[in-house]
Amino acid sequence: MSVQIRRLCRNRVIFTVLVFLFAATVFRFSIYIMNRTENGGISARERLNVIRQMDIDSIEKLKSDKRYKEMAEEILAQFMDDAVCFPVPISTRDPRRFVNYADSWGYGRSYGGERTHEGTDIMADYNVRGYYPVVSISDGIVEKIGWLELGGYRLGIRCKSGGYFYYAHLYDYAEGINEGSQVKAGQLIGYMGDSGYSKVEGTVGNFDVHLHLGIYVMYEGEELSVNPFHLLKRLQIIKANY
């Protein structure tokens, strides 16, 4: 009789443990579900990570997906309508000169520590600093100007809808361009160069002449970098003459 009682007690203990483990699993799963959004079960953080890895064309396609529609529209609204011209105009001095660019978004960079490329590099066919003019993609206000270790001489222009266009590695700034200056789309803002990758202001020659273009937006209080490649492809046919 005592053996049966011990066996019964042991079975009850095992059963209790199993019930407890099951309840704990259900509880954790419930918390997981509660932390997800109603947008198709995709959390805000997951949606943000998806957007981070996509180009503008892909983000636009997400507008048809209810899980991403609101986020995609909010991000694109900050700069798409403001971007009206390609940042490097056609040279009337020598129309044979051209620039080229590729989708280098996310490529590895090692200067200043391991990191990824947050922009598109517009490379100069004629590798001479100060030769190619750079114009503003949009109307806006010059929010930042001056030297950065990574970006060299750079300009940051905040467009009317809130997006931030970042122009880096400049050789020089156009006359009258200062912090707080209002600029128009197609207005000369500087000249393409090879400045940067140094704490010493004015350092040049660490890479070929090019313009690094970045696009930054805000989403839920966090700054987000967007791949400019496909925007540049759209603006390719809209060039100012200089």
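Here are a few questions and answers on this predicted model.

This is a predicted model, so local features need pLDDT of at least 70 and side-chain atom pairs count only at pLDDT 80 or more, while totals for chains, interfaces and linings use all residues. Residues are numbered from 1 along each chain as its sequence is written, and side-chain values use heavy atoms, with hydrogens and water left out.

Q: Is His212 buried or exposed?
A: His212 is found in strand S11 (residues 210–219); strands here are DSSP runs of E with at least two residues, helices are runs of H or I with at least four, and both are numbered from the N terminus. Buried means under 20% relative accessible area, exposed over 50%, and partly exposed in between, using a 1.4 Å probe and protein chains only. His212 has a relative accessible area of 8%, so the call is buried.

Q: Which residue's backbone oxygen does the side chain of His212 reach?
A: Contact means heavy atoms within 4.5 Å, and the contacts of His212, leaving aside neighbours within four places in sequence, include His117, Gly119 and Tyr167. The side chain of His212 also gets to a backbone oxygen at 3.4 Å, and that oxygen belongs to Glu118.

Q: How many bridges join S7 to strand S8?
A: Two strands pair if DSSP finds at least two bridges between them. Strand S7 (residues 152–159) has 7 of its 8 residues buried, and S7 pairs with S6 (residues 140–148) in the antiparallel sense over 8 bridges. On the S8 side (residues 164–173), Ile157 stands opposite Phe165. S7 and S8 run antiparallel too, and the number of bridges joining them is 5.

Q: Which residue takes a positive phi in the hairpin of S7 and S8?
A: That hairpin has 4 residues between the strands, whereas the S6 and S7 hairpin has 3. The positive phi is near 110°, and the residue is Gly162.

Q: How far apart in space are Ala72 and Arg47, C-alpha to C-alpha?
A: Ala72 sits in helix H4 (residues 69–76) and counts as buried because its relative accessibility is 0%. Ala72 and Arg47 are 25 residues apart in sequence, and their C-alpha to C-alpha distance is 9.5 Å.

Note on methods: A polar contact is a pair of N or O atoms within 3.5 Å; within protein, one must be able to donate a hydrogen and the other to accept it, and residues adjacent in sequence count only if both atoms are side-chain atoms.
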